[in-house]
Amino acid sequence: MVAVGTVYGWTTTSLSRLTSGDPDVPVKLTDDECSWIVSLTVIGSMIGPFLGAWFADRFGRKRCLILSSVFYIIGWIIVLVARSVVALYVARVILGIGVGISYTANPMYISEVADVNIRGALGTLIAVNVFTGSLFTCSIGPWVSYRVLVGVLLTIPILFVVSFVWFPETPHFLAARGKKTEAAKSLGFFKGIHDSTEAKRELYLVLRLSSDNQKNRLSVNSTQNTTIDKHTWLVRLKTMWLPTNLKALKIVLGLIAAQQLSGNFSTMQYLQVLFEKSAIGIDPKIATILVLVVGLVSGGLATATVEGAGRRPLLILSSLGSFVTLAVLAIYLMLEARGVDVSAVNYLSVVDVIVFQIAYQIGLGTLTNALIGELFPGEVKGTAGAIVTVFDGILGFTVSKLYQVIGDSFGSHTVYLFFSVSCFLAFLMVVFFVPETKGRTYNEIQVLLSGGNPTNKRVEEDEDVLA
């Protein structure tokens, strides 16, 4: 996910350099070409989920994540040798495919190896590490040459492959393929269990309590080589229409819409350009780094507090805070556009974007990916991840293209007023529709989505295990 962040961070720090005609860059871009550089990445990220979901279900979550790194490596090599706008377009699509695969496979891998008590915290690290990659890129981008920056970014996916290749596949995937001995070893690796008998017993408990379908439950003590039937895409899509899965999908798509319609993606991609156009009183490069640092710290705060505070309170605070900060920014930009002297508060835009990042990252920016891994049962996670990422890509492409068009036509304040209203609607959605999943097993979450009492379900499960 750090590699994902570098894909986004490269545009944040490089767009102004690519449009300036700097002799250090291989080609000079127009503003419209820059908008395509941003948008084509989103298009690639809509292709990636289909490949990622199929590959993850067929060959495993681990191999799928390694596959995403192959796309990053190829993409950065093309950027490094590119001599035309078309080459950069191709590279951004390839990098976008890697992003789509990562966002599909990573929540699957994390949710299947994480203990219930830390599952939410690990899920938030997806967004935190994306921010880490963006911050890393923007921190070194202004001080090194164009090619040196790309060379450094190329090393990140290479380092990931070298390190991650030693990690095992998830216990759930291995057990579903009938590889129960390997599944027990994998679980022992992640939980630090060295005794094989204890690892098998732990695997049984995990699969027993997290199983979402009674027919697909596995027993490590069974003498038969039980495997889960390979579902076709049609069957999996039909499974998505089950009431609990459909409700989970609506919740996640609503949160994804809130992410994109908050304008965070577009704002961060054009952040340095935005600061360069405004008289903010400090170096735009420093201001950009400052905003990213604050965003990273806020994401870290979400990771540290999500298991204690819960998902719903953080999402409520996040959406409401984003609504207020974006409304303030819209008013500031409107006054500036109408010729009102705002020089006395020229730092306001920077401060407000910083506060927005704090509000956004403690909930909307970090918890959505965690909920993808928590709300969906194992057999539809790949399909759900693909649907969510494609929906995210469509909205991301639309918003990123219209951001500049609407801003130029009606003023930036109009754009941010729309973003503000969207966050208020997200606040209402979280209050009335999003359940609390903190500390709950998959079965309990499914009961919660169906409108039942998960406490009663836990008692039944505990009695079954004890029996």
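Me: Leaving aside its neighbours within four places in sequence, which residues is Val 113 in contact with?

Reply: Before the answer, a word on the ground rules: this is a predicted model, in which local features need pLDDT of at least 70 and side-chain atom pairs count only at pLDDT 80 or more, while totals for chains, interfaces and linings use all residues. Residues are numbered from 1 along each chain as its sequence is written, and side-chain values use heavy atoms, with hydrogens and water left out. Contact means heavy atoms within 4.5 Å, and by that rule Val 113, with neighbours within four places in sequence left aside, is in contact with Thr 170, Pro 171 and Phe 190. Val 113 lies in helix H4, which covers residues 85-113, where a helix is a DSSP run of H or I with at least four residues, a strand is a run of E with at least two, and both are numbered from the N terminus. Val 113 and Pro 168 are 55 residues apart in sequence, yet their C-alpha atoms are 10.0 Å apart in space.

Me: How many helices and strands are there in the protein, and what percentage of its residues is buried?

Reply: The protein has 21 helices and 0 strands. A residue is called buried when its relative accessible area is under 20%, exposed when it is over 50%, and partly exposed in between, using a 1.4 Å probe and protein chains only; buried residues make up 56% of the 467 residues. Among contacts between residues at least 6 apart in sequence, 79% join residues at least 24 apart.

Me: Which residues are linked in a network of salt bridges?

Reply: In general, side chains of opposite charge can pair when their charged atoms come close. The rule used here asks for a side-chain nitrogen of Lys or Arg within 4 Å of a carboxyl oxygen of Asp or Glu, and a search of the whole structure finds 2 salt bridges. Asp 57, Arg 61 and Glu 112 are linked in a network of such bridges: the side chains of Asp 57 and Arg 61 meet at 3.2 Å, N to O, and Arg 61 also pairs with Glu 112, where the closest N and O atoms are 2.8 Å apart. Arg 61 lies in helix H3 (residues 61-81) and Glu 112 in helix H4, so this pair ties together parts that are 51 residues apart in sequence.

Me: Why do Arg 61 and Glu 112 count as buried?

Reply: Arg 61 counts as buried because its relative accessibility is 5%, and Glu 112 is buried with a relative accessible area of 7%. Asp 57 is buried as well.

Me: What is the volume of the largest pocket, and which residues lie nearest its centre?

Reply: On a 1 Å grid over the protein atoms alone, a pocket is an open set of points with protein on both sides within 12 Å along at least five of seven lines, a cavity is a set of points where a 1.4 Å probe fits but cannot get out, and lining residues have an atom within 4 Å of a point. Grid points are joined across faces, edges and corners, and a volume is the space filled by probe spheres set on the points. The largest pocket has a volume of about 610 Å³, and of the 25 residues that line it, Met 1, Leu 65, Asn 106, Phe 160 and Phe 164 lie nearest its centre. Helix H6 gives the most to this lining, with 6 residues. Asn 106 lies in helix H4 and touches Met 1, Leu 65 and Ile 126, not counting residues up to four places away in sequence.

Me: How many cavities of 30 Å³ or more does the structure hold?

Reply: The structure holds 4 cavities of 30 Å³ or more, and about 580 Å³ of space lies in the largest cavity. Of the 32 residues that line the largest cavity, the closest to its centre are Tyr 8, Tyr 103, Val 130, Asn 264 and Phe 265.
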